Amino acid sequence: SINTTGLTKVYSWQNKNSGTTGALASLGNNTGSSDVSLISGAVNDAHATASATNQAYVSGADFGSSAARNGGLDIEAIANSYAKAGFINDSISLSLASLGILTMTAEAKGNFKAYLDSSKAQLYVDDLNITNTYKAISEAKSTQPGKGTGVKAELISGKKNFATASTAANASSYITGSGAVDTAGININVTGDGSKAVADIDAATTTVSGVDIAANQALASLKLVQNAYINGTGTVNATGPVSVLSILKETRSEAEAGASGGTGATLAGGAVNQTTAESASTVKAYIDGNVTIVTDGDVSVGAELAGTVKSRAQAPDNSISIVSLGVVKVLAKFADDAVKAYIAGNASVTGRSVDVLAVASGTAEAIAEQPNTTVSGVNVNEIYAEARVDKRTVEAYIGSGATAASTGTAADDGVNVAAVSITELNAYSNHGTSYNL
């Protein structure tokens, strides 16, 4: 049993003050040139993976008593997961090969928890705060600074530049167990604000001759799962507010492929520039199980997701000839986002006001820029830009087996349930292209 009138703090911090400490992979800076021929394989491959685990918790511990309440209890987890893969080179020449010429992959993963397990315990504390703050960032970048040399590839079948950035984390803050919690107020919060995935290909002059060349392909994928909840079979008694919040804002999934000096492709079948940025994140806040919560204050259950998905391809002074070319293909999408706030199971919740709110907002933007482009041949897909929603679910509800009761008498007191979704889609090309068939 822990007995103190002061604050008890349990915390776990990982890279707390550094958002750029993690896994780094680089192919360096070659000021000369590289010449590779008659080889089947990946010429340059950089792969950075950061997999972070961070947990702060209290399990099965008694705090204070009904006669002598403890001070506050804070359970705090803070972590950053960072991965970066990059390449800097002046000149590469490849011939007669099946090559994945430049492959940059960055993966930022994480498993983050802050929680209280009340099983076989009784907790009497002033205030209870359980917070989990994290940021997961992946960056993959391929660049070839110009100096008039650029990159040349002949008679090859494979990928020219391939950059993949993937951010995938699972984070949670919660109370579970079968014990009793008696407190003034409860704040349960998980947030991954600022998490992002960025894939960027920024080539100088690129020349590709041969077949089946995908000159530039960039993929950025953001897949975050975060949950804030109270469940189990225990009891919670409070005199102040009980707040359960899962917030994920200012996220970015961004893919870009471009060239400051132009991209030329001859006798090729495939997409010259292809960028894809996607978001498939799940944000939940809920109360469920067989838990009983009674408070004199408000009960707030809220989930919010807000972010940007951006895909852009740019390749000035481009000349494409002969067959079946997708010159620029750009896709920005909300692939499978879910935002849910609910009270379900057999949970019983009583407060002055019980508010359940789910909010999703965001912008998907696809930009295909292709100035001074000439396309010759047949079956040409010149410029393709699409911003779309494959699936985005926003739900707020009280389940049929759960009970929620309001004891407040003010005009805005009551059991309030709302879901709001605002999504903006933009797809465009802001330059001209001519082609001959």
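Predicted model: local features only at pLDDT ≥ 70, side-chain atom pairs only at ≥ 80, totals over all residues.
Modeller: Strands are DSSP runs of E, at least two residues long, numbered from the N terminus.

Biologist: Let's start with Asn15. Where does Asn15 lie?

Modeller: Asn15 sits in the loop between β1 (8-14) and β2 (23-30). Its phi is near 55 degrees, a positive value in a residue other than glycine.

Biologist: Is Asn15 buried, partly exposed or exposed?

Modeller: Apply the cut-offs: under 20% is buried, over 50% is exposed, and partly exposed lies in between. Asn15 has a relative accessible area of 28%, so it is partly exposed.

Biologist: What is phi for Glu250?

Modeller: Phi of Glu250 is near 55 degrees, again positive in a residue other than glycine. Glu250 is placed in strand β14 (residues 242-259). Its relative accessibility is 66%, so Glu250 counts as exposed.

Biologist: Which residues is Ile230 in contact with, leaving aside neighbours within four places in sequence?

Modeller: Ile175, Ile188, Val242, Val244, Tyr286, Ile287, Asp288, Val291 and Ile293.

Biologist: Which side chain makes a polar contact with the side chain of Asp337?

Modeller: The side chain of Arg392, at 3.2 Å. A polar atom of the Asp337 side chain also lies 2.8 Å from the backbone nitrogen of Ser281. Then look at the wider surroundings. Beyond neighbours within four places in sequence, Asp337 is in contact with Ser279, Ala280, Ser281, Leu305, Lys391, Arg392 and Thr393.

Biologist: Next, charge pairs. How many salt bridges does the count come to?

Modeller: The rule asks for a Lys or Arg side-chain nitrogen within 4 Å of an Asp or Glu carboxyl oxygen. By this rule the count comes to 13. One of them joins the side chains of Arg312 and Glu256, at 3.7 Å from N to O.

Biologist: How many residues apart in sequence are the parts that Arg312 and Glu256 tie together?

Modeller: Arg312 lies in strand β19 (residues 299-314) and Glu256 in strand β14, so the pair ties together parts 56 residues apart in sequence. Arg312 has 22% relative accessibility, so it counts as partly exposed. Glu256, with a relative accessible area of 21%, is partly exposed too.

Biologist: Which residue forms a salt bridge with Asp390?

Modeller: Lys333. The closest N and O atoms of Asp390 and Lys333 are 3.8 Å apart. This pair links distant parts of the chain, 57 residues apart. Asp390 is in the loop between β26 (381-389) and β27 (392-398), and Lys333 is in strand β21 (residues 325-334). Asp390 counts as partly exposed at 40% relative accessibility. Lys333 is buried, at 13%.

Biologist: Where do Lys340 and Glu395 lie?

Modeller: Lys340 lies in strand β22 and Glu395 in strand β27, so this pair ties together parts 55 residues apart in sequence. Their side chains meet in a salt bridge of 3.7 Å, N to O. Lys340 is partly exposed, with a relative accessible area of 23%. Glu395 counts as partly exposed at 31%.

Biologist: Last, the surface. Which residues form a nonpolar patch?

Modeller: Leu357, Val420 and Ile422. Together they have about 250 Å² of accessible area. Patch members need over 30% relative accessible area. Val420 has 36% relative accessibility, and so counts as partly exposed. Its place is in strand β29 (residues 415-428).

How values were computed
Residues numbered from 1 in each chain as written. Heavy atoms only, no water. Polar contact = N/O pair within 3.5 Å; in protein donor to acceptor, adjacent residues only side chain to side chain. Contact = heavy atoms within 4.5 Å. Patch = residues over 30% accessible without salt bridge, like charges linked within 9 Å, V, L, I, M, F, W, Y side chains within 5 Å. Areas by Shrake-Rupley, 256 points an atom, 1.4 Å probe, with all protein chains shown as cover. Helix = DSSP H or I, 4+ residues; strand = E, 2+ residues; numbered from the N terminus. Buried < 20%, exposed > 50% of the residue type's maximum accessible area, 1.4 Å probe, protein only.
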